[in-house]
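Can you walk me through reading a model like this one? I'd like the general idea each time, then the case at hand.

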Amino acid sequence: MIAILCAIRKRTSSFTWPSASSTANPLLVRLYQEINAIRVHALWAHMRNKIVNAENMRAYNQQHAAILRAIQARDAALAAETMTQHIEKARNDLIGAHSS
């Protein structure tokens with residue numbers, strides 16, 4: 001399970017960091033850095049362990065692919081909407097993990 005979690009973390013970082021840094025937006029880059037720093041905390045790891053399953057990972061990967069397609073198509077509105085949906089799903093999954 002630890003190897004799976006490390007692979008997931010690496011894949012997520014390999015998608016989100018280039019996405020944030022390519023914007024050249026200092027606020028977005030700083031926000032990403034702060035979020036990434038939180039990921040090493042024990043509570044975050046505990047909650048993440050509760051939500052890592054095949055169904056969620058499939059959904060997250062599909063969302064990442066949809067975000068990338070929207071960016072490649074230069075469709076800012078679709079990219080923003082898809083990113084919002086992705087963040088809301090992750091937030092809801094994590095909140096659910098925290099309350100259970």
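Q: What should I know before I start?
A: This is a predicted model, where local features need pLDDT of at least 70, side-chain atom pairs count only at pLDDT 80 or more, and totals for chains, interfaces and linings use all residues. Residues are numbered from 1 along each chain as its sequence is written, and side-chain values use heavy atoms, with hydrogens and water left out.

Q: What is the mean pLDDT of the protein, and which element has the lowest?
A: pLDDT is the predictor's confidence in each residue, from 0 to 100. Here the protein's mean is 76, with 74% of residues at 70 or more. Helix 1 (residues 2-21) has the lowest mean among the elements, 54, while helix 4 has the highest, 89. Helices are DSSP runs (H or I, at least four residues), numbered from the N terminus. Over residues 1-6 pLDDT stays under 50, and the model has five contacts for them beyond four places in sequence; a contact means heavy atoms within 4.5 Å. Where pLDDT is low, the predicted coordinates should not be read in detail.

Q: Which residues make up the largest nonpolar core?
A: In soluble globular proteins, nonpolar side chains tend to be buried together. A nonpolar core here is a set of buried Ala, Val, Leu, Ile, Met, Phe, Trp, Tyr and Cys residues joined through side-chain atoms within 4.5 Å. Buried means under 20% relative accessible area, exposed over 50%, partly exposed in between (1.4 Å probe, protein chains only). The largest one has seven members: M47, I51, V52, M57, Y60, L94 and A97.

Q: How many salt bridges does the count come to?
A: The rule asks for a side-chain nitrogen of Lys or Arg within 4 Å of a carboxyl oxygen of Asp or Glu. That gives two. R30 pairs with E34, with the closest N and O atoms 2.8 Å apart. These two sit four residues apart in helix 2, so about one helical turn separates them. K89 meets D93 at 2.9 Å, N to O, and this pair is also four residues apart, in helix 5.

Q: Is D93 buried or exposed?
A: D93 is buried, at 17% relative accessible area, whereas K89 is partly exposed at 22%. In the other pair, E34 is partly exposed at 39%, and so is R30 at 48%.
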